[in-house]
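Me: I would like to go through this structure with you, one topic at a time. Could you take my questions as they come?

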Amino acid sequence: SGCPENSTLIYDHCKNHPQWVDVNVLAHYAETAAHVDDPIANLMNARVFAFGPSHDRCYRNGSMENVAHFYRRYAKKGAQVKLVVDQPFPHTLPTNTTPYFNSSNPAGYDGPGECLR
């Protein structure tokens with residue numbers, strides 16, 4: 001719901017309204033549209049790091065969960081998809097020196113390192 005038929009949405013519609021996203025509808029489209037690469041064949045070995053910090057004002061709560069849910073549909077193993085939503089950062093992929101939201105001290109969270117694990 002919330003999506004007009006036969007039209008394109010603004011780029012941030014789904015990240016601002018994750019409750020409107022039906023991952024099953026997205027998956028069906030990805031699996032059946034002629035101009036989309038087959039997600040079953042092309043995402044089965046993908047490794048995904050879906051990072052949604054808890055103080056992100058750009059992506060609303062639920063957005064990264066939708067991303068992770070979509071990729072888990074196609075991954076051979078659930079462990080290929082890592083979802084992190086409990087780190088109190090603003091909109092960023094933090095390095096060891098990035099402070100938590102409303103802090104000036106380095107948090108010591110290695111986002112790129114977590115991404116590669």
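**Contacts and cores**

Me: Let us start with tyrosine 74: which residues does it touch, leaving out those up to four places away in sequence?

Reply: Tyrosine 74 touches Ala27, Glu31, Pro39, Ile40, Leu43 and Met44, once residues up to four places away in sequence are left out. Please keep in mind that this is a predicted model.

Me: Which residues make up the largest nonpolar core?

Reply: The largest nonpolar core has 8 residues in all: Val21, Val23, Ala27, Ala30, Leu43, Ala46, Phe70 and Tyr74. Helix H2 supplies the largest share of this core, 3 residues. Apart from it lies another core of 6 residues, including Ala50, Met64, Ala68 and Ala75.

Me: What pLDDT does the protein chain average?

Reply: The average pLDDT of the protein chain is 91, and 96% of the residues score at least 70.

Me: Where is confidence lowest, and where highest?

Reply: In the protein chain, confidence is lowest in helix H1 (residues 13-16), with a mean of 82, and highest in E2, at 97.

Me: How many helices and strands are there?

Reply: The protein chain has 5 helices and 2 strands. Along the sequence, they follow the pattern α-α-α-β-α-β-α. The C-alpha atoms fill a box of roughly 50 × 30 × 20 Å along the principal axes.

Me: What share of the contacts comes from residues 24 or more positions apart?

Reply: Among contacts in the protein chain with a separation of 6 or more, 57% are between residues 24 or more positions apart.

**Salt bridges**

Me: Changing topic: how many salt bridges does the structure hold?

Reply: The structure holds 3 salt bridges. One of them pairs glutamate 31 with arginine 73, and their closest N and O atoms are 4.0 Å apart. This pair links distant parts of the chain, 42 residues apart: glutamate 31 is in helix H2 (residues 23-32), and arginine 73 is in the loop between helix H4 (63-72) and strand E2 (81-84).

Me: What about glutamate 114 and lysine 82?

Reply: The side chains of glutamate 114 and lysine 82 form a salt bridge, at 2.3 Å from N to O. Glutamate 114 lies in helix H5 (residues 111-116) and lysine 82 in strand E2, so this pair ties together parts that are 32 residues apart in sequence. Glutamate 114 also forms a salt bridge with arginine 117, with the closest N and O atoms 3.4 Å apart. Through shared partners, Lys82, Glu114 and Arg117 are joined into one network.

Me: Which residues form the aromatic cluster?

Reply: The cluster consists of Phe49, Phe51, Phe89, Tyr100 and Tyr109.

Me: Where does lysine 15 lie relative to tyrosine 59?

Reply: Lysine 15 lies over the face of tyrosine 59, at 4.6 Å from the ring centre.

Me: Lastly, what is the phi of asparagine 102?

Reply: Asparagine 102 has a positive phi of about 65°, although it is not a glycine. Asparagine 102 is in the loop between E2 and H5, and it is exposed, with a relative accessible area of 75%.

How values were computed: Residues are numbered from 1 along each chain as its sequence is written. This is a predicted model: local features need pLDDT of at least 70, side-chain atom pairs count only at pLDDT 80 or more; totals for chains, interfaces and linings use all residues. Side-chain values use heavy atoms; hydrogens and water are left out. Helices (H or I, at least four residues) and strands (E, at least two) are DSSP runs, numbered from the N terminus. A nonpolar core is a set of buried Ala, Val, Leu, Ile, Met, Phe, Trp, Tyr and Cys residues joined through side-chain atoms within 4.5 Å. Buried means under 20% relative accessible area, exposed over 50%, partly exposed in between (1.4 Å probe, protein chains only). Contact means heavy atoms within 4.5 Å. pLDDT is the predictor's confidence in each residue, from 0 to 100. Rings of Phe, Tyr and Trp (its six-membered ring) pair if their centres lie within 6.5 Å; planes under 30 degrees apart count as stacked, over 60 as edge-to-face and the rest as tilted. A charge sits over a ring if NZ of Lys or CZ of Arg is within 6 Å of the ring centre and within 35 degrees of the ring normal.
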